[in-house]
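Good morning, and thank you for making time for this presentation. I would ask you to keep the sequence and the structure in view while I speak.

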Amino acid sequence: MNNLELEKKLDLYRGMRTIRECEERLVRSHQRGLIPGPCHTYIGQEAVAVGVCACLRNDDVIFSTHRGHGHAIAKGLHPRELMAEVFGRATGCSGGRGGSMHLFAPEVGLMGTSGIVGPSILQATGAGYSFKVLKTDQVSVAFFGDGAVNNGAFHEGLNMATIWNLPVLFVCENNQFATEVPFHYSSGNPSVAARGAAYGLPGVEVDGNDVLAVYEVAGEAIQRARSGEGPTLIECKTYRTRPHAEGMDDYSYRTREEVDEWKSRDPILRLREILVADNESMKENLGAMDTEVKALIDEAEKFAEESPYPDPLTAEDHVFSANSRKIDHA
Ligand SMILES: Cc1ncc(C[n+]2csc(CCOP(=O)(O)OP(=O)(O)O)c2C)c(N)n1
Ligand SMILES: [Mg+2]
């Protein structure tokens, strides 16, 4: 993958830097009380979203999780619309009504982040089924954590996608914990990729902190799905270096040393090292790109903070019921 063209590698670097900068800003925004509700950051896992989404077309779709900011940005959501939504503002991608775990932007194929663990697997299977019925060559992707793979949705979704040969990619981000529960404790078979065999689909394990490796494996699987060769399960081994959610304790179930060790395998630093090893003068280009990304997020944060909250009189907009009656607020 080292022979991937430079322009592509720089795109992957920019993608990961954008997510990281945005997440670091959201950490501070949470501390400043600007984020109503939980905030699960994606810091440390950027290579997965960026590596997979770089292989997708705009009309391909993704279904995401509670830890979905990175997926949203990688699929094409502007950080402005993301930050405004997470701040609960009317200019957010869901009109400020959803927040971090309800980011929707179907125009770029972002079919939703979710507060529920597991359904992305079934939703992506359903989307894959609709693509097959409609005879399009679109592909759907389910992102989910290790916490979802002992859930019935995993069994049902993978089985159905296989028997119907659907154009779906199942991307497990095995960051080794579901909240504070280590994956090896909750799993009879600690290899997610190996479970593919049980359902009759290819299961591939990849270093989820190596964006070039993720890009390669995802690219092959997406190509197979697009050409009618069916689904693939990819297990990306990775790690979150922030607590499960902002404001939660972090060192009751894992050690500082373990977290520091994983920080040294940071996916952004790893790609930077590869780029600089190829060409020392790349340091300057990357520095300029970091500055550009910072300016983008500065602007997005300002936009979000200055945006209004939704008008309370619109609270019932987009709410449907066969018996719905407008409440008289007068
Ligand atoms: C069906 C369901 N069960 C339990 C929860 C509570 N819950 C929220 S996040 C989480 C852990 C998820 O772990 P994982 O899927 O590994 O994702 P990660 O947080 O590691 O990214 C749990 C159990 C939930 N939201 N939905
Ligand atoms: Mg996990």
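Let me begin with a definition: the expected span of a helix is 1.5 Å times one less than its number of residues. Please bear in mind throughout that the model is predicted.

With that in hand, consider helix α6, residues 152-163. Its 12 residues reach 17 Å from the first C-alpha to the last, close to the 16 Å expected at 1.5 Å a residue. Which residues of α6 are buried? They are A153, F154, G157, L158, A161 and T162. These residues lie on the same side of α6, because they cover an arc of only 145 degrees around the axis.

R67 brings me to the ligand. Among the 15 residues around ligand 1, those that come nearest are R67, V117, G145, G147 and A178. By class, the shell around ligand 1 comprises 5 nonpolar, 8 polar and 2 charged residues.

Strand β7 runs parallel to β3, to which 6 bridges join it. In β7, I234 has V171 standing opposite. Strand β6, residues 203-207, also pairs with β7 in the parallel sense, over 5 bridges. There, E205 stands opposite E235 of β7.

Helix α9, residues 211-226, has 16 residues and reaches 22 Å from its first C-alpha to its last, close to the 22 Å expected at 1.5 Å a residue. Its buried residues are V211, L212, V214, Y215, V217, A218, A221, I222 and A225. They pack against the strands β3, β6 and β7, and against the helices α1 (6-31), α2 (46-53) and α11 (267-278).

My last topic is backbone geometry. Most residues other than glycine have a negative phi. Where does the model show positive values? Just after α6, N165 takes a positive phi of about 50 degrees. K135, which is not a glycine, has a positive phi of about 60 degrees. The position of K135 is in the loop between α5 and β2 (140-145). K135 counts as exposed because it has 6 C-beta neighbours inside 10 Å. T179, again not a glycine, has a positive phi of about 55 degrees. This residue is found in the loop between β4 (177-178) and β5 (181-182). Is T179 buried or exposed? With 12 C-beta neighbours inside 10 Å, T179 counts as exposed. Finally, α9 is followed by G228, whose phi is positive, near 85 degrees.

Thank you for your attention.

Note on methods. Residues numbered from 1 in each chain as written. Chains lettered and ligands numbered in written order. Predicted model: local features only at pLDDT ≥ 70, side-chain atom pairs only at ≥ 80, totals over all residues. Helix = DSSP H or I, 4+ residues; strand = E, 2+ residues; numbered from the N terminus. Buried ≥ 20, exposed ≤ 12 C-beta atoms within 10 Å, placed from the backbone. Arc of directions from axis to C-beta. Near = placed C-beta within 6 Å. Nonpolar A, V, L, I, M, F, W, Y, C, P; charged D, E, K, R; others polar. Pairing = 2+ DSSP bridges. Contact = placed C-beta atoms within 7 Å.
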